[in-house]
Amino acid sequence: MELTPDDTIVLTVGGFALNATILFTWIVMAILTAVSVLITRNLRPDVPPDRWRTTLEAIVLTIQSQIDEISARPDRRLLYFAGTLFLFIVTSNLLMIVPGWRSPTASLSTTAALALAVLVAAPLFGISSRGLGGYLHSYVEPNVIMLPFNIIGEFSRGVSLAIRLYGNVMSGAVIAAILLGVAPFFFPVVMDMLGLLTGVVQAYIFAILAIVYISSATTPPDSSSLPAQEQT
């Protein structure tokens, strides 16, 4: 039994092995791009919204409301970043109900790349919001003795993000494979329903943690304890 789509080689061209992780990642990206273009091609105030546009607006407003509740300094760019992470992960996970689909998030390389994106985004958002000096000063707060611990804490966040998402998605696939071997006529429906639920939950948790990490980098320490409404 293959635990990760990295082990499945789909095609080899000129010595380059195209595994299932890369292939299905490209498919998810193509699906999201195509759906976005189709829904937003007539996105004008004079055009009445259809059900797809209404669904998209509901998703965007839900993500924005979560950011407003968590972040003391809501940033429109954070909506784009966290929304992209959520849509990529939830699409990858939900398509697991399609026969033959290998979710890219069941690969440690994919989850590590997503966590690395959060690790890179956090200082960029922090520097953009607080300036280079203000962001670097956060590493020596409340005093300089905490410098190594703050650095370790920053990297441990990325590691925990990658391991959490990979472990949950991969373990779900393994359990489904075992149960299908025990009772192939009963467990497929149950596991599909459970996969839909856990796929959405894992995407939500990853996006929320990314928002929390980035918001902590953009919020000055003296205002981090205040609610968002008092910051505006």
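Predicted model: local features only at pLDDT ≥ 70, side-chain atom pairs only at ≥ 80, totals over all residues.
Trainee: How are two packed helices described?

Mentor: Two packed helices are described by the angle between their axes and by the distance between those axes. Let us begin with helix H2, residues 51-70, and helix H3, residues 76-94. Their axes lie 10 Å apart, and the packing angle is about 120°. H2 is therefore oblique to H3. The crossing of H2 past H3 is right-handed.

Trainee: Which residues of H2 and H3 meet?

Mentor: From H2 come Ile 59, Val 60, Ile 63, Gln 64 and Ile 67. On the H3 side, they meet Arg 76, Leu 78, Leu 79, Gly 83, Phe 86 and Leu 87. Sorted by class, the residues of this contact between H2 and H3 are eight nonpolar, two polar and one charged.

Trainee: At what angle do H3 and helix H4 cross?

Mentor: H3 and helix H4, residues 108-137, cross at roughly 175°, and their axes come within 12 Å. An angle over 145 degrees counts as roughly antiparallel, so H3 and H4 are roughly antiparallel to each other. H3 contributes Arg 77, Leu 78, Phe 81, Leu 85, Phe 88 and Ile 89 to the contact. The contact of H3 with H4 has ten nonpolar, two polar and one charged residues.

Trainee: How does helix H1 pack against H3?

Mentor: Helix H1 covers residues 20-40, and its axis is 10 Å from that of H3, at an angle of about 115°. H1 passes H3 in a right-handed crossing. In this contact, Thr 25, Val 28, Met 29 and Leu 32 of H1 meet Leu 87, Phe 88, Thr 91 and Ser 92 of H3. Here the classes are five nonpolar, three polar and no charged residues.

Trainee: In which sense do strands E1 and E2 pair?

Mentor: Strand E1, residues 9-13, and strand E2, residues 16-19, pair in the antiparallel sense over four bridges. Val 13 stands opposite Phe 16 in E2. The two strands form a hairpin with two residues between them. In the turn, Gly 14 has a positive phi of about 55°.

Trainee: Where does UniProt place the feature "transmembrane region"?

Mentor: An unreviewed UniProt entry places the feature at several stretches, including residues 20-39 and residues 78-101. One may then compare such a record with the model. Over residues 20-39 the chain is 100% helix and 0% strand, with end C-alpha atoms 28 Å apart. Over residues 78-101 the chain is 71% helix and 0% strand, and the end C-alpha atoms are 30 Å apart.

Note on methods:
Residues numbered from 1 in each chain as written. Heavy atoms only, no water. Axes fitted to C-alpha atoms, helices over the stretch in contact; angles between N-to-C directions. Parallel < 35°, antiparallel > 145°, perpendicular 65-115°, else oblique. Left-handed = near helix turned anticlockwise from the far one by under 90°. Contact = heavy atoms within 4.5 Å. Nonpolar A, V, L, I, M, F, W, Y, C, P; charged D, E, K, R; others polar. Pairing = 2+ DSSP bridges. UniProt positions renumbered as here; feature names shortened; annotations may be inferred.
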